Amino acid sequence: MEDNNSAKTNNIRLTIVVVTSIAIAATLICIILLLLFRAGNSRNSVNYTAHDITSHVISKMNYDNLSEISGDNIEKYYEIPNGVVSDSAMYISARTDNFTELACFKLSSEDNEDVLRTVIEDYINEKAATYQNINEKAYNAVHESEIFTHYPYVLVSVSPDNNSVKTAFDNMFVDNGKLQSSKDN
């Protein structure tokens, strides 16, 4: 009888060890999966379009007089070599007394940033030279333009309030990569 009780006790102990091991393994797997999920979501891996960015900035700045330049016509403003950007959007003021412009480019690779900056600077310099000695207000607006970067996005701002444009652009990447609705103004 003693051997029978000893065998039952060993079976019970073995069962407890197996069940406990399974529970510990399941808990560890859940913790690892949770950590991996959180790590994947915390990366700044947003995938905006250039239009998303310009629309967001326009909304935050309350610009209501900008007209979109079609993708095919952007090349008439910026002479960007093929393969440098994968997406672009551009808006210019529809009013003749306002010189606001926004352009956003999505770089196809980080190596292309210097090429794009040179193209942007060439465009800005050419535009400034056009207005110099002709239209002081336009010249000053273009001369004060800014270029902001959050790889792979490059935003060109010709605005009377470039600091607010920068803030609106930066906030798209600070707020966990989530676009805030225009109601959040």
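User: Which residues of helix 6 are buried?
Analyst: In helix 6, the buried ones are N162, V165, A168, F169, D170, M172 and F173. Buried means under 20% relative accessible area, exposed is over 50%, and partly exposed is in between, with a 1.4 Å probe and protein chains only. Keep in mind that this is a predicted model: local features need pLDDT of at least 70, side-chain atom pairs count only at pLDDT 80 or more, and totals for chains, interfaces and linings use all residues. Residues are numbered from 1 along each chain as its sequence is written, and side-chain values use heavy atoms, leaving out hydrogens and water.

User: What covers those buried residues of helix 6?
Analyst: The cover includes helix 2 (50–61), strand 3 (101–107), strand 4 (146–150) and strand 5 (153–158). Helices (H or I, at least four residues) and strands (E, at least two) are DSSP runs, numbered from the N terminus.

User: Which residues touch the most others in the largest nonpolar core?
Analyst: That core has 21 residues, and I53, V57, L155, V165, F169 and F173 touch the most other members. A nonpolar core is a set of buried Ala, Val, Leu, Ile, Met, Phe, Trp, Tyr and Cys residues joined through side-chain atoms within 4.5 Å. Helix 2, strand 2 (85–93), strand 3, strand 5 and helix 6 each supply at least two residues of this core.

User: And what is I53 in contact with?
Analyst: Leaving aside neighbours within four places in sequence, I53 meets Y48, C104, Y153, L155, F169, M172 and F173. Contact means heavy atoms within 4.5 Å.

User: New topic: how many aromatic pairs are there?
Analyst: The structure holds 8. Rings of Phe, Tyr and Trp (its six-membered ring) pair if their centres lie within 6.5 Å; planes under 30 degrees apart count as stacked, over 60 as edge-to-face and the rest as tilted. One of the pairs is Y77 with Y123, edge-to-face at 6.3 Å centre to centre and 75° between the planes.

User: Where do Y77 and Y123 lie?
Analyst: Y77 is in the loop between helix 3 (71–74) and strand 2, and Y123 is in helix 4 (residues 113–131), so the pair ties together parts that are 46 residues apart in sequence.

User: Is Y123 buried or exposed?
Analyst: Y123 counts as buried, at 9% relative accessibility, while Y77 is partly exposed at 29%.

User: Which rings form a cluster?
Analyst: Ring pairs link Y48, Y153, F169 and F173 into a cluster.
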